[in-house]
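Here is a short briefing on one protein chain. Keep the sequence and the 3D view side by side as you read.

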Amino acid sequence: MRVVRASLTATPPGPAQESTLALVSDLIWARTAPARGLEHLRANASDEGMDVYLFLRAASEDAALDQARAILADAQAPLISHGYHATTTHH
């Protein structure tokens, strides 16, 4: 299991509310195909929006980053419609 942190910036910037954390989690799950290897995710408020921790089945750290980027790309349209966009992914 690998963990990747994705930072999502809000428009306008500011910490996400608890209900928004749950909404974004649901949006990501709804748009993620099983083949992407997502096992679990956790969203926490940050100064600019939120950090989403993606727990992935992946063969390597590089593969986990690729999978995380693909997951966020799949969820991009609904995330943007709710005022969020992914800015960075980290191991």
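A residue counts as buried under 20% relative accessible area, as exposed over 50%, and as partly exposed in between. Ala22 has 42% relative accessibility, so Ala22 counts as partly exposed. Bear in mind that this is a predicted model.

**Overall fold**

- The protein chain has three helices and four strands.
- Their order along the sequence is β-α-β-β-α-α-β.
- The radius of gyration is 12 Å, close to the 12 Å that the globule rule gives for 91 residues, so the chain is as compact as a globular protein of that length.
- Along the principal axes, the C-alpha trace spans about 35 × 20 × 20 Å.
- Take the contacts between residues at least 6 apart in sequence: 69% of them join residues at least 24 apart.

**Surface and charge**

- Of the 91 residues, 43% count as buried.
- The accessible surface of the chain comes to about 4900 Å².
- Carbon and sulfur atoms account for 52% of that surface.
- The chain carries 7 positive and 10 negative side chains.
- The centres of these two sets lie 6 Å apart.

**The nonpolar core**

- The largest nonpolar core holds 25 residues.
- Which residues touch the most other members of this core? They are Val24, Ile28, Met50, Val52 and Leu56.
- H2 gives the largest share of the core, with five residues.

- Leu38 is in strand S2.
- Its relative accessible area is 9%, so Leu38 is buried.
- How far apart are the C-alpha atoms of Leu38 and Leu56? They are separated by 4.6 Å, although the two residues are 18 residues apart along the chain.
- Leaving aside neighbours within four places in sequence, Leu38 is in contact with Ile28, Trp29, Thr32, Leu54, Phe55, Leu56, Arg57 and Ile71.
- Leu41 is also placed in strand S2.
- Is Leu41 buried or exposed? Leu41 has a relative accessible area of 8%, so Leu41 is buried.
- With neighbours within four places in sequence left out, Leu41 is in contact with Ser25, Ile28, Trp29, Val52, Tyr53, Leu54 and Phe55.
- Ala10 is 31 residues from Leu41 along the chain, and their C-alpha atoms are separated by 19 Å.

- Ala22 lies in helix H1.
- Ala22 and Ala43 are 21 residues apart in sequence, and their C-alpha atoms are 7.6 Å apart in space.
- Ser25 is found in helix H1 too.
- The relative accessible area of Ser25 is 13%, which is under the 20% cut-off, so Ser25 is buried.
- Not counting residues up to four places away in sequence, Ser25 touches Leu41 and Ala43.

**Helix H3: Pro78**

- Pro78 lies in helix H3, which covers residues 76-81.
- At 15% relative accessibility, Pro78 counts as buried.
- Which residues is Pro78 in contact with, leaving aside its neighbours within four places in sequence? Its partners are Leu27 and Arg31.
- Pro78 and Val24 are 54 residues apart in sequence, yet 8.8 Å apart in space, C-alpha to C-alpha.

**A cis peptide bond**

- Most peptide bonds are trans.
- Thr11 and Pro12 are joined by a cis peptide bond, with omega about -5 degrees.
- Pro12 is placed in the loop between S1 and H1.

Technical notes. Residues numbered from 1 in each chain as written. Predicted model: local features only at pLDDT ≥ 70, side-chain atom pairs only at ≥ 80, totals over all residues. Heavy atoms only, no water. Helix = DSSP H or I, 4+ residues; strand = E, 2+ residues; numbered from the N terminus. Rg over C-alpha atoms; globule rule 2.2 N^0.38 Å. Buried < 20%, exposed > 50% of the residue type's maximum accessible area, 1.4 Å probe, protein only. Contact = heavy atoms within 4.5 Å. Areas by Shrake-Rupley, 256 points an atom, 1.4 Å probe, with all protein chains shown as cover. Lys, Arg positive; Asp, Glu negative; His and termini not counted. Charge placed at Lys NZ, Arg CZ, Asp CG, Glu CD. Core = buried A, V, L, I, M, F, W, Y, C linked by side-chain atoms within 4.5 Å.
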